[in-house]
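This report covers salt bridges and helix packing in one protein model. The sequence and structure come first, and the text follows.

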Amino acid sequence: MYFNQDKIVMLGRMSKLLLLFLLVGFSVQGQNLLSLEEAIAKSLENNYDITLIRRNQQIAEIRNNWGTAGRYPYISASLGADYSLNDNSNDDFIQNRYSGGVTVNWTLFDGFAVNISKQRLVELEDLSQQNTAIVVEGTIQAVVLAYYAVLLEKERLDVLKEVMLLSEDRFDRVDQRREFGSAVTFDVLQAQNAFLSDKTSFLNQEVAYKNALRDLKFLMADNGSVSYELNGTFEAIPVEYKLSDLHGQMAANNKSLKNQYINQNLLENAVLEAKSAYYPSLSFAGGATHTRTGNDYESSGISWANVNNMYGNFTLSYNLFSGGNRKRAVQIAKIEESNGEVELTQMKHELSNKMDNLYELYLVRKELLGIANENMETARLNYQIAQEKFENGAINSFNFRDVQLIYLNASLQKLQAVYNFIDTHTALLRMAGTIIQQYE
């Protein structure tokens, strides 16, 4: 049975594709499928930054207590035992003294400082919750981008693999033709150079894909040896937004803006706390003690004496003059409050500008996505036509290589356009404060 050179090349290519299919099949069996939702869930549960910020939030929740603010009294108890030997000329004796007592110290009024401190603790807990929300939002955004970065690198890897296999097939064809005398060494070297260049790009892309997967595993705090196969679809779905609606959502939901409002409340409380120094303070101190003393005389034996003491004192104090420190403290607190208002206005303006810029970038990248898709389809059709012409000898290898590179660049540009759109869309959701609801 005889085969021509094209059939020989075709059989070689089929065997390589079969081997590649088997290798891919075995590798997928040893991997765990991972969806975007699962990646986000794992990150929200295990991410290092989220773990730390949640523990800081727990600390703020524990501190938010009336006892921390100073509403409740301080109660202490004491016990004592003393032994002494008295040596004198008349009569030696040993003295045993046992004592116990309870004391109470309570600030009944301190210029509303307790209520102000409690309100400050409430604001600090709210601030801690908002900080947690900011980290959660940032983690969700990072996971979404890392997940799609893995898909991007995988798609790039597939494109480069396709180009590499086609270059290899072209090299095999030309090499077979050289053996049959229908191709010269120059054509073989040119085809080999193209194949080796495409193979180099493919191998480098394999590294990029593995690195992207490691970055995603780091966000999930997964340091195990389990490998993941992402089952998400690498596609961009344009959504129509109104700029006015985005501004409204940002004003109501943006976590950084909410943090600034809480900081402004803290500055207002600082003014009230400084003013509380102008009020008098009323405190109570009381207690009860019991002392039992025994004198053990050498001549007459031991005798005991008990003493009980109870006391309660109220103290009303007022700072008449403190070198102007109270006045300066109020002035400084008011200036800081005024600075906080300026910073709040600045943040609103800055976020508004960023939202406008991001929205325009979103619209531009949506247009670029359509252009990239159209360019990709044109390059694919042109490549198919060029491949037929090259096989028929209508164009030379240089022209075919140029078309091949155009197709490769168009494919990579389309993939990058998809990722850029997803990047901008995710940033838009986070700035509007709706990214948690989007991926909840």
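Among contacts (heavy atoms within 4.5 Å) between residues at least 6 apart in sequence, 81% join residues at least 24 apart. The model is predicted, so local features need pLDDT of at least 70 and side-chain atom pairs count only at pLDDT 80 or more, while totals for chains, interfaces and linings use all residues. Residues are numbered from 1 along each chain as its sequence is written, and side-chain values use heavy atoms, with hydrogens and water left out.

The protein has eleven helices and six strands; these are DSSP runs numbered from the N terminus, with helices being H or I of at least four residues and strands being E of at least two. Of its 440 residues, 35% count as buried. Buried stands for under 20% relative accessible area, exposed for over 50%, and partly exposed for values in between, with a 1.4 Å probe and protein chains only.

**Salt bridges**

A salt bridge is counted when a side-chain nitrogen of Lys or Arg lies within 4 Å of a carboxyl oxygen of Asp or Glu. By this rule there are six salt bridges.

| Pair | N to O distance |
|---|---|
| Lys154 and Asp158 | 3.1 Å |
| Arg401 and Asp198 | 2.9 Å |
| Glu350 and Lys354 | 3.5 Å |

Lys154 and Asp158 both belong to helix H5 (residues 113-179), where a spacing of four residues puts about one helical turn between them. Lys154 is partly exposed, at 25% relative accessible area, and Asp158 is partly exposed at 30%.

Glu350 and Lys354 are likewise four residues apart, in helix H9 (residues 325-392), and about one helical turn separates them. Glu350 has a relative accessible area of 40% and is partly exposed; for Lys354 the value is 40%, again partly exposed.

Arg401 and Asp198 form a salt bridge with their closest N and O atoms 2.9 Å apart. Arg401 lies in helix H10 (residues 397-432) and Asp198 in helix H6 (residues 185-219), so this pair ties together parts that are 203 residues apart in sequence. Both Arg401 and Asp198 are buried.

**Helix packing**

Two packed helices are described by the angle between their axes and the distance between the axes. Here the axes are lines fitted to C-alpha atoms, for helices over the stretch in contact, and angles run from 0 to 180 degrees between N-to-C directions. Angles under 35 degrees count as roughly parallel, over 145 as roughly antiparallel, 65 to 115 as roughly perpendicular and the rest as oblique. A crossing is left-handed if the near helix is turned anticlockwise from the far one by less than a right angle, and right-handed if clockwise.

H6 and H10 pack with their axes 11 Å apart, at an angle of about 15°, and are therefore roughly parallel. Their crossing is right-handed. On the H6 side the contact has Phe186, Asp187, Gln190, Ala194, Ser197 and Asp198, which meet Ser397, Phe398, Arg401 and Gln404 of H10. By class, this contact of H6 with H10 has three nonpolar, four polar and three charged residues. In this scheme Ala, Val, Leu, Ile, Met, Phe, Trp, Tyr, Cys and Pro count as nonpolar, Asp, Glu, Lys and Arg as charged, and the others, Gly among them, as polar.

H9 and H10 have axes 7 Å apart and an angle of about 155°, and are therefore roughly antiparallel. The crossing of H9 and H10 is left-handed. The residues in the contact of H9 with H10 divide into 26 nonpolar, eleven polar and six charged.
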